[in-house]
Amino acid sequence: MGILINVYQLKKSFAARPLFENLTFAIESADRIGLIGPNGVGKSTLLRIISKNDSEDAGTISFERGIRVAYLEQIPKFSKNATIESAIMEGASDLHDWQDQARAQELISKLSISSEKSGLDIKTPIINLSGGWKKRVALARELLKNPDLLLLDEPTNHLDVESIIWLEEMLARAPFATLTVTHDRLFLQKISNRIIELDPRNPGGLLNVKGDYLTYLKLKEEIVATSQREEIKLKNTLRRETEWLLRGAKARTTKQQARIDRAEDLQKNVDELNLRNLNQKVKIDFQMAEKSPKKLIEAKAISKSYGDNLVVPAIDLFITPKSRIGLLGVNGCGKTTLIRMLVGDEKIDSGDLIHAEKLEVAWFEQNRESLDPNLSILNTVCPNGDHVDYRGGKIHIKSYLSRFLFNQQQMEMPVGKLSGGEQARVLVAQLMLKRANLLVLDEPTNDLDMYTLEVLQDVLKEFEGAIILVTHDRYFLDQVTEQILAFETNSNGQKEIMKFYGLEQWQSWREKRESQTIVSDVDKNVNINISTVEKNSKNESAVKKKKLSFKEQKELDGMESTILEKEALLEKLNNESNDPQNINNGLRLSELATQMQKLQKEIDYLYSRWAQLEKAL
């Protein structure tokens, strides 16, 4: 295991704003590093410097001789008039080398870029691709470089869940090192064996943790607790020293002067710890419409087609306040079209759609074309005057923007100079000024840091209206939604929208479908002569379809006892969480809460599955 890169005392500023300084760390050949930290601390800039697309202000980076570094940008760039094939071949060492050409075709196949399913071919212009397909093409281009180190900046943005799962599996088997900037916590857990947290509050500007994201969380909690205890201890010592000085003791002796100097040093240490322990979070609070009816939207067998292309198959949906609906499906499957149909922005072809008279919708759109890159944050959020209307009152725009952790200097900056996460916070600031009883959130998690995501998911849980959410972030989806509508293709090749009660139920269904597909593919490759035995077998299977299979019957027979066992375990965990010995043990309480939440979802799924089997029987 060799060292690929050494970073020493690295410093970088943006305009007059320092991003980071004195950064020192190394990347080894077996590293799978997850790079995390608040928005605006320089994570993307650090990747650009390592990839030699930007330069440092001070410090050095030493590279292993002959190292190949590939860089997947957050928003990939392509040559003008590039096609899928020409864009990927930009990563080749020699355009005419047959091995590079063969490798490019292999990557196109593995990434399913040119296939019947995607509807694309190698001559398709890049300009015609969605954000997700552009990301796949850019990834193929970088992989063609056969890198020793792959840098990935928010690789899951614009990818659908199926693509993210594929990327997880690919990176887990990759023979090269990776340095990945991502806010997707589940993705981070799957692809990392080391975490670097970039944050100026950390000593040296970063926290380096050997282990996965869960290991980082546990260590971070211990560090924060220790730091807070140290701050309290220093404050108490400082108070005693200050009281001694205020009593009028004169600094006539060396000992007394040393005590005064010590008090000054203590104050500096307390200030440093106070800054390090300061947990600044955005203040998000969506405005509920004044009056909210009990029924917001009722859809009966609504559908939509464009010509012969069925985009949204018939679906029934009943949306009330507190509805929490998540949409899943590959890019371009019709998720956004369904939302536009539900809110009345898109005409339905068939079915009935009923809206409440007082329906008020606030929509967070994933595309940021609405943001003028030349306007300042102040003029973007408040184009007229210097006050905004919020919750029935007038608030000065600078006071309002401070809720989103923008300082005075940033407020005057053009939006185009902000990081992706900071632009996302601008969109949230705009959304908060709208009253609504239905929030539509189309990929709200793109570029937001984990700290902001935690606040956002907590606020959404408390929102009194309904929520329709489209996101590739599985953890966020699982935390916020209670029902999932998944766009899928059935065994007959027809599109359908399936309903699931939670992400875990969808994942179980997906795993079962994949295992059946594998068995089916194996069967197709086995040549069996048609015989009387085979015909009899088909007749028998037709009869068996009317009954539960042996496996299903066995599952049904043991269902009640399984549920009772899990409910007993849930009760045990609940009692343990209320035990006085655990009240002050934050780490254990967090573990118990996670276990209880997971167990409750399992129980909910079992009850749902029990009903399905009883109905089938």
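How do the residues of the lining of the largest cavity divide into nonpolar, polar and charged?

Analyst: Five are nonpolar, four are polar and four are charged. (Ala, Val, Leu, Ile, Met, Phe, Trp, Tyr, Cys and Pro count as nonpolar; Asp, Glu, Lys and Arg as charged; the others, Gly among them, as polar.)

The model is predicted: local features need pLDDT of at least 70, side-chain atom pairs count only at pLDDT 80 or more, and totals for chains, interfaces and linings use all residues. Residues are numbered from 1 along each chain as its sequence is written, and side-chain values use heavy atoms, with hydrogens and water left out.

The largest cavity holds about 70 Å³ of space. (A cavity is a set of points on a 1 Å grid over the protein atoms alone where a 1.4 Å probe fits but cannot get out; lining residues have an atom within 4 Å of a point. Points are joined across faces, edges and corners, and the volume is the space filled by probe spheres set on them.) In total, 13 residues line this cavity. Nearest its centre lie Gly37, Thr182, His183, Asp449 and Met450. Two elements give two or more residues each to this lining: β3 (32-36) and α14 (450-462). (Helices are DSSP runs of H or I with at least four residues, strands are runs of E with at least two, and both are numbered from the N terminus.)

The loop between β19 (438-442) and α14 contains Glu443. Glu443 has a positive phi of about 55 degrees, although it is not a glycine. Most residues other than glycine have a negative phi. Glu443 counts as buried, at 9% relative accessibility. (Buried means under 20% relative accessible area, exposed over 50%, partly exposed in between, with a 1.4 Å probe and protein chains only.)

β19 leads on to a sheet. Six strands form this open sheet, in the order β15-β19-β20-β13-β21-β22, and the pairing is mixed. (Two strands pair if DSSP finds at least two bridges between them.) β15 (361-364) and β22 are the edge strands; each has a single partner strand, so one side of each has no neighbour in the sheet. From one strand to the next, the twist averages 15 degrees. (Axes are lines fitted to C-alpha atoms, for helices over the stretch in contact; angles run from 0 to 180 degrees between N-to-C directions.)

Inside the sheet, β13 (residues 324-328) and β20 (residues 466-470) run parallel, joined by four bridges. Ile325 has Ile468 in β20 as its bridge partner. Helix α9 (residues 335-343) packs on the sheet and touches β13, β15, β19, β20, β21 and β22. The direction of α9 makes about 160 degrees with that of β15. Helix α13 (residues 420-431) also packs on the sheet, touching β15 and β19. Its direction makes about 175 degrees with that of β15. (Contact means heavy atoms within 4.5 Å.)

At the β22 end, β21 (residues 483-489) and β22 (residues 495-500) run antiparallel, with six bridges between them. Thr489 is the bridge partner of Lys495 in β22. The two strands form a hairpin with five residues between them. Gly493, in the turn, has a positive phi of about 80 degrees.

Strand β1 (residues 3-14) is joined to β4 by five bridges. Ile5 stands opposite Phe63 in β4.

Helices α4 (131-143) and α5 (161-173) each supply at least two of its lining residues. The lining divides into six nonpolar, one polar and two charged residues.

The loop between β6 (149-153) and α5 holds Glu154. Glu154 has a positive phi of about 50 degrees and is not a glycine. Glu154 is buried, with a relative accessible area of 5%.

Of its 617 residues, 44% count as buried.

Terms used. 1 Å grid on protein atoms, 1.4 Å probe; cavity = no way out; pocket = protein on both sides within 12 Å on 5 of 7 lines; lining within 4 Å.
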